[in-house]
Amino acid sequence: MLEEKQMTDIRVRVGTPEDVHQFMDLCLQGSEENGFVQPDPQKLLAEVWPALNRDGGICGVIGAPGADHFEGGILLRTCKLWYSDQLVLEERGVFVHPEYRSAKGGRARKLCEFAKAAAAKLEMPLMIGILSNSRTEGKVRLYERIFGKPSGAYWLCGAETGVTNKAT
């Protein structure tokens with residue numbers, strides 16, 4: 001019974017600077033799986049580090065501080081769109097480690113709910129989406145349950161997600 005509770009009592013906590021290595025590992029894994037261009041670890045770090053310090057963003061983490069690896073994470077940054085001076089909360093990435101995708105607890109849902117709650121607390125619109133050629137339909141159904149109807153779609157011409165790890 002205790003083991004079942006531990007598996008389903010999943011919590012997203014706010015990431016801290018001490019989480020940088022494990023969070024970066026998630027980012028690089030997510031880039032390998034979902035990216036359509038090669039990631040630059042220094043550019044990733046330039047987005048992650050301020051968010052871990054709650055400077056223009058926030059990271060949600062599933063995993064204990066100091067754990068060898070995290071079960072999942074979300075990177076959110078505040079930004080201004082090219083046509084406005086109004087701040088929005090932009091999701092830069094949501095990733096659940098493959099080992100935990102079929103485990104009980106709804107990690108992806110909890111990470112999305114974390115984003116929704118952060119936007120509400122900051123009183124900012126949330127811009128979140130799916131850019132993936134893998135298991136897309138299921139992801140869209142999940143997002144529709146949490147966020148409602150989508151406000152658009154993405155197309156890639158001359159590229160496919162998840163191929164960056166095959167480019168080398």
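This is a predicted model: local features need pLDDT of at least 70, side-chain atom pairs count only at pLDDT 80 or more; totals for chains, interfaces and linings use all residues.
Q: What end-to-end distance separates the first and last C-alpha atoms of α2 (residues 20-34)?
A: Helix α2 has 15 residues, and at 1.5 Å a residue these should span 21 Å.

Q: Which elements do the buried residues of α2 pack against?
A: Residues count as buried under 20% relative accessible area. In α2 they include F23, M24, L26 and C27. They pack against α3 (41-52), β2 (57-62), β3 (72-80), β4 and α5.

Q: Within what arc do the buried residues of α5 fall?
A: The buried residues of helix α5 (residues 136-147) are L142, Y143 and I146. An α-helix has 3.6 residues a turn, so residues three or four places apart point the same way. Seen down the axis of α5, the buried residues line one face of the helix, because they fall within an arc of 95 degrees.

Q: Which exposed residues does the face of α5 turned away from its buried side carry?
A: What covers the buried residues of α5 includes β4 (87-96) and α4 (107-122). The face turned away from that buried side carries the exposed residues E137 and R145.

Q: Which strands stand at the edges of the sheet?
A: The open sheet has 5 strands in the order β1-β2-β3-β4-β5, with mixed pairing. Two of them each have a single partner strand, so one side of each is left without a neighbour in the sheet; these are β1 (13-14) and β5 (126-127).

Notes
Residues are numbered from 1 along each chain as its sequence is written. Side-chain values use heavy atoms; hydrogens and water are left out. Helices (H or I, at least four residues) and strands (E, at least two) are DSSP runs, numbered from the N terminus. The expected span of a helix is 1.5 Å times one less than its number of residues. Buried means under 20% relative accessible area, exposed over 50%, partly exposed in between (1.4 Å probe, protein chains only). The arc is that of the directions from the helix axis to the C-beta atoms. Contact means heavy atoms within 4.5 Å. Two strands pair if DSSP finds at least two bridges between them.
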